[in-house]
Amino acid sequence: MSRSAKKILVIFHDASRTGASIVLLRLLNKLAQLRTLEVHVCLPREGAIIALFDKTIHTHLLDRDQRWNAQKSIFGRITDKVSPKRISNPLLETIEKVNPSLCYLNTLVADKQVRLIRKNTQHRIIWHIHELPLAAGVI
């Protein structure tokens, strides 16, 4: 991997063996093999497709007990007032750790994560909505 390789963080909404996830996984394996991108994948929990990732793809699992868009506790909200730079969401913590050039989300279901990233970071986002007929009535 070259030192100048850009990082991409792909945020999957689930790790099941479904069509869109498998297609995206194959694409990421190909991109990682090119060695021009440092490919990271963020998953909410373990699942069937984890074993399919190429060894060149860095995999980040979020805490099983926390939801990606979980509401903060009263203590968390008070702490944010005192120390606003504190990041307490597992997805935001992963983004801070990886510091990607781009965050890529591949489903309409990721609307809350897109809003969370836009509100709390300056990272670029590509939101690929592949459920077009469904999306037409929502967006």
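Me: How many disulfides does a search of the whole structure find?

Reply: The search finds zero disulfides, a disulfide being a pair of cysteine sulfur atoms within 2.5 Å. This is a predicted model, in which local features need pLDDT of at least 70 and side-chain atom pairs count only at pLDDT 80 or more, whereas totals for chains, interfaces and linings use all residues. Residues are numbered from 1 along each chain as its sequence is written, and side-chain values use heavy atoms, leaving out hydrogens and water.

Me: Why is cysteine 103 called buried?

Reply: Buried means under 20% relative accessible area, exposed over 50%, and partly exposed in between, with a 1.4 Å probe and protein chains only. Cysteine 103 has 0% relative accessibility, so it counts as buried, and cysteine 42 is likewise buried, with a relative accessible area of 0%.

Me: Why does glutamate 38 count as buried?

Reply: Its relative accessibility is 19%, and therefore glutamate 38 counts as buried. This residue lies in strand S2, strands (E, at least two residues) and helices (H or I, at least four) being DSSP runs numbered from the N terminus.

Me: What makes the side chains of glutamate 38 and histidine 40 a polar contact?

Reply: The two side chains come to 2.8 Å, and a polar contact is a pair of N or O atoms within 3.5 Å, where, within protein, one must be able to donate a hydrogen and the other to accept it, and residues adjacent in sequence count only if both atoms are side-chain atoms.

Me: How do you know that the span of H1 agrees with its 16 residues?

Reply: The expected span is 1.5 Å times one less than the number of residues. For H1 this should give 22 Å, and the end C-alpha atoms are 23 Å apart, which agrees. After H1 comes arginine 35, with a positive phi near 65°.

Me: Which residues of H1 are buried, and what makes them line one face of the helix?

Reply: The buried residues of H1 are Ser21, Ile22, Leu24, Leu25, Leu28, Asn29 and Ala32. Seen down the axis of H1, they fall within an arc of 165°, so they line one face; the arc is that of the directions from the helix axis to the C-beta atoms. The face turned away from this buried side carries the exposed residues Gly19, Val23, Arg26, Lys30 and Leu34, while S1, S2 and S4 are among the elements that cover the buried residues.

Me: Which residues have the most contacts inside the largest nonpolar core?

Reply: They are Val10, Phe12, Leu28, Val41, Ile49, Phe53 and Ile57, within a core of 17 residues. The word core here means a set of buried Ala, Val, Leu, Ile, Met, Phe, Trp, Tyr and Cys residues joined through side-chain atoms within 4.5 Å. H1 gives the largest share of this core, five residues.

Me: Which residues does isoleucine 57 touch, not counting those up to four places away in sequence?

Reply: Isoleucine 57 touches Leu28, Asn29, Ala32, Val39 and Val41, contact meaning heavy atoms within 4.5 Å.
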